[in-house]
Amino acid sequence: MTRHRPRAATRPDAATGGGAFVRSREATPPGVGDLHASGELTRRAEAALDLLTPCRVCPRPCRGVDRLADGVGACRIGRYARVVSAFAHPGEEDVLRGHRGSGTIFFSGCNLRCVFCQNADISQRAAGWEAGPTELAGLMLDLQAQGCHNLNLVTPEHVVPQVLEALPHAVEGGLAIPIVYNTSAYDGPESLALLDGVVDVYMPDLKLRSPAICRRLLGVADYGEVATAAVAEMHRQVGDLVVDEDGLARRGLLVRHLVMPGLVEESRAVMAFLAGLSTDTYVNVMGQYRPAWKVVSTDRYPDIDRPVAADEVAEARRAARETGLWRLDAR
């Protein structure tokens, strides 16, 4: 299927068929540089570090775990973030990768237990290397120096304090590209509050809604409730996705949704929620599910031990359009 290259977005209008809502760069609200200049970024970093002792960074109830003292909770990450890789990613959405790639930093560890995780080798153990604040800032600046269009923080929900601790060093070093927060959406409200004005583009992967299904496949029954609240807060902070004249994301919400075998009703619920936020929500309806990790290593998940069918993906996309969602990046 030919992929649509997003343009500077225009919303169809019932009367005229037009109605541009692209903001110029000059109209973009103050960002991380302004927060640093005012001293607010340093205050945010200090407040975030306080969340580590005992850890309250994400919704997981890791009671009594002191990560400042290098204690380890559900995410398996202690005092410092662990980085698996940092490179110019050519395979992200067109609005992120452009011609020079999205500057991704992959963190290891995760606060979910998705039985179908395709990155279980890094998400379910402390892989990679520990990166303190100055080293992490250096990685951010290296990606900018390579010409990457943005800084893409992958699976950051459990290392928000470490990211905020590094950002003042990065800003002082000249970091100026948009910051993308690439998350499972199982994010804590305190962490998201500290990221307000720091993150330019939120990119949550909104997976499932039903508690029983979330418990069985993601390891947490409250995922749907927590994730929808998190996505709503992300949208409140940054609004609908805005792209520049080159079709590159500058600010806003970009939602991913992985269509699962036999779970089209979950996709319908996700699309209904997103349309309720805004029918201008930019959604990537993803059809690349394949069995992995516990799905293939055990016999407990026969219902999702197959690739997703083309008609299931088509139905999820149809469900999105039926709710009024129109900015669909299908891949």
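**Loops, helix pairs and cores**

Pro54 sits in the loop that runs between helix H2 and strand S1 (81–89). In this predicted model, the peptide bond leading from Thr53 into Pro54 is cis, with omega near -10 degrees. That loop holds a couple of other residues worth a look. Asp70 lies in the loop between H2 and S1, and its phi is near 70 degrees, a positive value in a residue other than glycine. Arg76 is also found in the loop between H2 and S1, and for Arg76, too, phi comes out near 70 degrees, which is positive although the residue is not glycine.

Next come the helices, starting with H2. Helix H2 (residues 40–50) packs against helix H6 (residues 160–172) at an angle of about 155 degrees, and their axes are 8 Å apart. How do the two helices run relative to each other? Angles over 145 degrees count as roughly antiparallel, so H2 and H6 are roughly antiparallel to each other. Their crossing is left-handed. On the H2 side, the residues that meet H6 are Leu41, Thr42, Arg44, Ala45, Ala48 and Leu49. Their partners in H6 are Pro161, Leu164, Glu165, Leu167, Pro168 and Val171. Sorted by type, the residues of this contact come to nine nonpolar, one polar and two charged.

The axes of helix H10 (residues 264–277) and helix H12 (residues 310–323) come within 9 Å and cross at roughly 25 degrees. Since angles under 35 degrees count as roughly parallel, H10 is roughly parallel to H12. The crossing of H10 and H12 is right-handed. H10 brings Val264, Ser267, Arg268, Met271, Ala272 and Ala275 to the contact, while H12 brings Glu312, Glu315, Ala316, Ala319, Ala320, Glu322 and Thr323.

What about the inside of the protein? In soluble globular proteins, nonpolar side chains tend to be buried together. The largest nonpolar core in this model has 89 residues. Which residues have the most contacts inside that core? They are Ile105, Phe116, Met140, Leu164, Leu167, Tyr223 and Leu274. Two of these names, Leu164 and Leu167, have already come up as H6 residues that meet H2. Leu274 shows what such a residue touches: leaving aside neighbours within four places in sequence, Leu274 is in contact with Leu206, Val231, Val255, Thr281, Val283 and Leu325. There is also a second, separate core of 10 residues, which includes Val95, Val180, Leu241 and Ala249.

Asn119 is located in the loop between strand S2 (102–107) and helix H4 (120–123). With 42% relative accessibility, Asn119 counts as partly exposed. How far apart are the C-alpha atoms of Asn119 and Arg236? The two residues are 117 residues apart along the chain, and their C-alpha atoms are separated by 30 Å.

Key. Residues numbered from 1 in each chain as written. Predicted model: local features only at pLDDT ≥ 70, side-chain atom pairs only at ≥ 80, totals over all residues. Heavy atoms only, no water. Axes fitted to C-alpha atoms, helices over the stretch in contact; angles between N-to-C directions. Helix = DSSP H or I, 4+ residues; strand = E, 2+ residues; numbered from the N terminus. Parallel < 35°, antiparallel > 145°, perpendicular 65-115°, else oblique. Left-handed = near helix turned anticlockwise from the far one by under 90°. Contact = heavy atoms within 4.5 Å. Nonpolar A, V, L, I, M, F, W, Y, C, P; charged D, E, K, R; others polar. Core = buried A, V, L, I, M, F, W, Y, C linked by side-chain atoms within 4.5 Å. Buried < 20%, exposed > 50% of the residue type's maximum accessible area, 1.4 Å probe, protein only.
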